[in-house]
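Please keep the sequence and the structure in view while reading the points below.

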Amino acid sequence: MNITLLGCGRWGSFIGWYLDKIGHNVTIWGLSDAPQLIELKETRKNNMLTFRESINITDNLEAAVSSADVLIISISSQALRSFLQTLIQYDLKGKKIVLCMKGIEVTTGCRLTQIVEEYITDETQVAIWVGPGHPQDFSKGIPNCMVIDSRHEKLKSFLIKEFSSDLIRFYVGQDLIGNEIGAAAKNTIGIAAGMLDGLNRSSLKGALMSRGTREISRLIKAMGGNELSAYGLCHLGDYEATLFSQYSHNRSFGEKFVKGEKYGLLAEGVDTTKALVLLGKKYNVDLPICNGVNDVIAGKLTADKSLADMFIRSIKTEF
């Protein structure tokens, strides 16, 4: 199958490497001035992987789109809308779009598939690919489980058949709302975990995992999804990779933030947290952890004060 990766960051480039490895015809596209693309074109390497000559690496978007049966988008979630405005200039009829990215639009609270469906017709179908795992681990042969979900049942089955291997086992998603919100929200919980690490309060991560999952499950239910999705691979199942791993951008951001240090890489959870606060108000759902993280980032509360509000609250029942 002809597959184009739109985005050449750590996830996009890894997915290209992976799909080439399991036998697909792969093109990796990126902006001509993107440092990652320049490195790939010059060396066919990044800091994790070496890319075979069978992978086409290009900055020609028209050619990359026209040659593909499946387009996998892996870019910053907040850039998705503007990117789609460029993408729809090309013929997408009959193509399958897979979002391998996690986030919620900060200005609207829209899920990413909702944004895509504003720009495509019924002749183009969209799916999501979410769940735990870091390219650094996958590149070492360490396997994990992930989820593919879509409103289109045949598309889910098709993608899982084509993408599965011994390295990644895919489960069939059954709740698009829950899987999108859960996957995005785990980044906010990851920032909170990093803040705990930075304050030498890592022992509170157990409470964070328990209460964070329950909090997000309430939001998913209020939005019309299945609250149990928060306990699946999209959210709770991704906590090890997000709340503990040295490779987690969001955990690292939270740790450096409370230490007063700058973090130069993208932490999607910052904008996601703002969007979750927006959704909490819209659906009248209590989100103490999301609100607390947002207040700390915005400078409204110190991290110590926010932690006290989150975990040393007035007496209440656990459930």
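In this predicted model, 69% of the contacts between residues at least 6 apart in sequence join residues at least 24 apart. The protein contains 14 helices and eight strands. Its radius of gyration is 19 Å, close to the 20 Å that the globule rule gives for 319 residues, so the protein is as compact as a globular protein of that length.

**Overall form and surface**

- Taken along the principal axes, the box filled by the C-alpha atoms is roughly 60 × 40 × 35 Å.
- Of the 319 residues in the protein, 54% are buried.

**Helix α8**

- Helix α8 covers residues 176-198 and is mostly covered, since 23 of its 23 residues are buried.
- At 1.5 Å a residue, the 23 residues of α8 should span 33 Å; the end C-alpha atoms of α8 are 34 Å apart, which agrees with that expectation.
- After α8 comes N200, and the phi of N200 is positive, near 55°.

**Helix α9**

- Helix α9 is formed by residues 205-222, 18 residues in total.
- From its first C-alpha to its last, α9 reaches 25 Å, close to the 26 Å expected at 1.5 Å a residue.
- The buried residues of α9 are K205, L208, G212, T213, E215, I216, S217, L219 and I220.
- Against which helices do the buried residues of α9 pack? They pack against α8, α10 (239-244), α11 (249-258), α12 (269-282), α13 (288-298) and α14 (303-311).
- Just after α9, G224 takes a positive phi of about 100°.

**The loop between α9 and α10**

- G225 is found in the loop between α9 and α10.
- Is G225 buried or exposed? The relative accessibility of G225 is 16%, so G225 counts as buried, the cut-off being under 20%.
- Leaving aside neighbours within four places in sequence, G225 is in contact with D175, I177 and I220; of these, I220 is one of the buried residues of α9.
- G225 and D91 are 134 residues apart along the chain, and their C-alpha atoms are separated by 32 Å.
- Y231 is also located in the loop between α9 and α10.
- Y231 has a relative accessibility of 38% and therefore counts as partly exposed.
- Beyond its neighbours within four places in sequence, Y231 is in contact with T213, R214, S217 and L236; T213 and S217 are among the buried residues of α9.
- Y231 and T213 are 18 residues apart in sequence, and their C-alpha atoms are 6.7 Å apart in space.

**Positive phi in residues other than glycine**

- R44 is a residue other than glycine, and its phi is positive, near 55°.
- R44 has its place in the loop between α2 (35-43) and β3 (56-58).
- Because its relative accessibility is 15%, R44 counts as buried.
- N284, which is not a glycine, has a positive phi of about 55°.
- The position of N284 is in the loop between α12 and α13.
- With a relative accessible area of 73%, N284 is exposed; the cut-off for this class is over 50%.

**The loop between β5 and α5**

- V106 lies in the loop between β5 (96-99) and α5 (112-117).
- The relative accessibility of V106 is 24%, so V106 counts as partly exposed.
- Which residues does V106 contact, leaving aside its neighbours within four places in sequence? V106 is in contact with Q78, D271, K274, A275 and L278.
- V106 and S13 are 93 residues apart along the chain, and the separation of their C-alpha atoms is 26 Å.

Definitions and conventions:
Residues numbered from 1 in each chain as written. Predicted model: local features only at pLDDT ≥ 70, side-chain atom pairs only at ≥ 80, totals over all residues. Heavy atoms only, no water. Helix = DSSP H or I, 4+ residues; strand = E, 2+ residues; numbered from the N terminus. Rg over C-alpha atoms; globule rule 2.2 N^0.38 Å. Buried < 20%, exposed > 50% of the residue type's maximum accessible area, 1.4 Å probe, protein only. Contact = heavy atoms within 4.5 Å. Expected span 1.5 Å × (residues − 1).
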